[in-house]
Structure formats: structure tokens, C-alpha cells
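Subject: Structure handover

Hi,

Here is the structure we talked about. Please look it over, then read my notes below.

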Amino acid sequence: MLRAAPLTLEAAPGVVPLPEAVPVAVPPALDSPPGTGAWTVDVPAQRGYAALLAPGLLDAAERARAGRFVRAADRDRYVTAHVALRLVLGAVTGTPPARVAMDRAPCPGCGGPHGRPVLRDGRRHFSLSHGGSLAVIVCAPVPVGVDVERIPGAEVVGHVAPKLHPAERAELAALAPAERPAAFARVWTRKEALLKALGTGLVRSAAADYVGSGPFPATDPAFRLLDLDAGAGHAAAVALLTAPGTAAS
């Protein structure tokens, strides 16, 4: 289980008290440059600072996306997460946050411009997720994905579990009903993190890869899965491609 450093935003453009990154545990063969790590953002606590910083940091596309949210809570979550992301990427690359240039990698499936988010200069790989009251940001030396989710209710588990890998469905079915939501959340965050690292998202079937529902993620030569401590009521996971360009089996 990994721990992420809590990130506090400052009400001053371009300034962030970036805590020491909690290192993402990667296989010894992978290089871990300075700045590799994970950060969490408490959205309700930081949304006021984020709103002050957003006009000077977010680009036109981000501002337009934020403006399309109908629910204020969804807009706050998006703005806070993206302000935090720019501050982190600016700090770890030495770039003014407003000038951090992001793009989309080609989709591995169709080649379209909707793969995982990337830095245009390729100096770091990163991933962002927001769920419930948290946003999580991870930077790594290899393609990476992160996902954070609120622990779901039984209705969500019953609806989504049939879409999982057959072995994961069997594991969940063998548990007592009270244990299934937390186990499902472990599966789903690991799976979402992996699909983000691969750059496919849910275009790739949720049944394609086995990630496991138990206390420890599954292992695979093509990727490394790590659970992230997101605090009570949430589950989170990180996926790193140990063999970039090799699809998970």
C-alpha cells in the first residue's frame, strides 16, 4: 500500500508548496527521476484557492470544459483537480504552471487523438483522477495511470460486477455481501488505472485483464499495480507499464 503526499494550494499564481513526493514503488529496472510520486488533493478544502488560481492557470479548453458542468460540485472537482495538476507538473518540470503544454497520446486501438494525457515535451508521464472528495495526481518515469473512487453501494456492485474478468466475478461472488463493495472498489480502481496507463480507457473491455480483488493486486510482466491509501471511504490504485508498448494479456 502506497501513501500519497497531501497537496495544499496557495492563493498566489504559480506558487505551490509541493510536499516531498511519496515515491511510486517501481521495479528496480526502471529509473525513477526526481519528482516521481503521488499527491492527493482534498477538493472541498482546496476549491476556494483553486477558484482564485484557475483564471490564470487553466487554458481555454480547460475553462470551457469547466463551464459545461451543470452541477457546482462537479465543476469544483474538475477545476481543483486541474489547477493542482498544473501546479504539480510545473513544479516537477520547472515550467510556469500556466505554460505546461498537455496533449493526448494516440489511442493504441484506433490511432485517434484520445489516448492518455501526456506532456507535449515528454519529460514526465502523469495521470490524474478525481472521485468523491479527492483528486489524485501521479507522475512517473513510464506510462502511468491512477484512479480514485468512493466505495460504492451494493447496487453499483451488482450492476458493474458482471462486466469484470471471470476470475474477478468469481472472487466477488464468494465474499459475504458486506465485503463486496470494498473488494469491488479495489478491482475497479486497479482496472481503471491500468486502462489509463494503456491509454485505451474503457474502449478496452473491463473483462480483458485480471487485476484481482484481494488485498494484493495481480502481477503481470507487462504492468505493475499498486494500491494507494486514499483514506476512509475511498479506494485508489496506480498502474505503471513495465514494458511500454506491450499490451496487457
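Four strands make an open sheet, ordered S1-S9-S10-S8, with mixed pairing. Strands are DSSP E runs of at least two residues, helices are H or I runs of at least four, and both are numbered from the N terminus. Two strands pair if DSSP finds at least two bridges between them. Strand S1 (2–3) and strand S8 (144–150) are the edges, each pairing on one side only. Strand S9 (residues 223–229) pairs with strand S10 (residues 234–241) in the antiparallel sense, over 6 bridges. Leu226 sits opposite Val238 in S10. H6 packs on this sheet and touches S8, S9 and S10. The direction of H6 makes about 150° with that of S8.

This is a predicted model: local features need pLDDT of at least 70, side-chain atom pairs count only at pLDDT 80 or more, and totals for chains, interfaces and linings use all residues. Residues are numbered from 1 along each chain as its sequence is written, and side-chain values use heavy atoms, leaving out hydrogens and water.

Now the helix pair. Helix H5 (residues 166–173) packs against helix H6 (residues 180–198) at about 160°, with axes 10 Å apart. Axes are lines fitted to C-alpha atoms, for helices over the stretch in contact; angles run from 0 to 180 degrees between N-to-C directions. H5 is therefore roughly antiparallel to H6 (angles over 145 degrees). From H5, Glu168, Leu172 and Ala173 meet Arg180, Ala183, Phe184, Val187 and Lys191 of H6. Contact means heavy atoms within 4.5 Å.

Best wishes

How values were computed: Angles under 35 degrees count as roughly parallel, over 145 as roughly antiparallel, 65 to 115 as roughly perpendicular and the rest as oblique.
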